[in-house]
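Here is a short report on the packing and the surface of one model. Please keep the structure in view while reading.

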Amino acid sequence: MTSAHAARYHPVAIALHWLLAAAITVSFGVGLYMADLPVSPQRLKLFNWHKWAGITILTLSALRLLWRLTHRPPADLPMPGWQRSAAHATHQALYLLFFLVPLVGWAYSSAAGFPVVVYGVLPLPDFVPADKALAEAIKPWHGRLAWLLATLVLMHVGAALKHHFVDRDRLLARMWPLRARKVAQP
């Protein structure tokens, strides 16, 4: 294995990263859009799609965490200690939110009395019992956690772009889906 190859993430890790990034981005956008729609067949269709996306995100997150726990990532690039600590803390928070946002959404849907039926064919058990007061208590947390996830994603993207354009340390090339010509060695 060449050092340039070793400096990159494994193709499975790269695929899971970008699939999860796309799913979260689209689901967040759909969630923002559908939240203010009047009750209609279109809104109900979007809510179902959003729930399916949430379960897909939950599944991808579990696969990604399992991969991460069983496959060591490339070594950190040289950077100040505070940046390394911030990067590791942000990654841990992202992983936590990858699970919390869809689980809280599932809990809200269950408490509101709307079952989750993945892709219209696979009914999932209720996460919590139907309870309107509980649903009202849970509802804002799904939105707050989604906004927190979006904020951390933007910080993550900003940090990656800073490394790419300011530090020029080719950190972004390690996770980019297309193989870069030459990856800087740590």
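## Nonpolar cores

The largest nonpolar core holds 23 residues. Leu20, Ile24, Leu97, Phe98, Val101 and Leu149 have the most contacts inside this core. A nonpolar core is a set of buried Ala, Val, Leu, Ile, Met, Phe, Trp, Tyr and Cys residues joined through side-chain atoms within 4.5 Å. Buried means under 20% relative accessible area, exposed over 50%, and partly exposed in between (1.4 Å probe, protein chains only). At least two residues of this core come from each of helix H2 (11-35), helix H3 (41-70), H4 and helix H5 (132-167). H4 gives the largest share, eight residues. Helices are DSSP runs of H or I with at least four residues, numbered from the N terminus.

Phe98 touches Leu20, Ile24, Ile57, Leu58, Ser61, Arg64 and Leu149, leaving aside residues up to four places away in sequence. Contact here means heavy atoms within 4.5 Å. A second, separate core has six residues, among them Ile55, Leu58, Trp106 and Val116.

## Basis of the model

This is a predicted model, where local features need pLDDT of at least 70, side-chain atom pairs count only at pLDDT 80 or more, and totals for chains, interfaces and linings use all residues. Residues are numbered from 1 along each chain as its sequence is written, and side-chain values use heavy atoms, with hydrogens and water left out.

His17 lies in helix H2. His17 is counted as buried because its relative accessibility is 12%. Its contacts are Arg64, His156 and Met175, not counting residues up to four places away in sequence.

Ser109 belongs to helix H4. Its relative accessibility is 6%, so Ser109 also counts as buried. The Ser109 side chain reaches the backbone oxygen of Phe114 at 2.5 Å. Ser109 touches Lys51, Phe114, Pro115 and Val116, again without residues up to four places away in sequence.

## Start of helix H4

Gly81 is found in helix H4, which spans residues 81-111. Gly81 is partly exposed, because its relative accessible area is 45%. Gly81 and Trp176 are 95 residues apart in sequence. In space, C-alpha to C-alpha, Gly81 and Trp176 are 24 Å apart.

## Exposed Phe165

Where does Phe165 lie? Phe165 is in helix H5. With a relative accessible area of 52%, Phe165 is exposed.

Key: A polar contact is a pair of N or O atoms within 3.5 Å; within protein, one must be able to donate a hydrogen and the other to accept it, and residues adjacent in sequence count only if both atoms are side-chain atoms.
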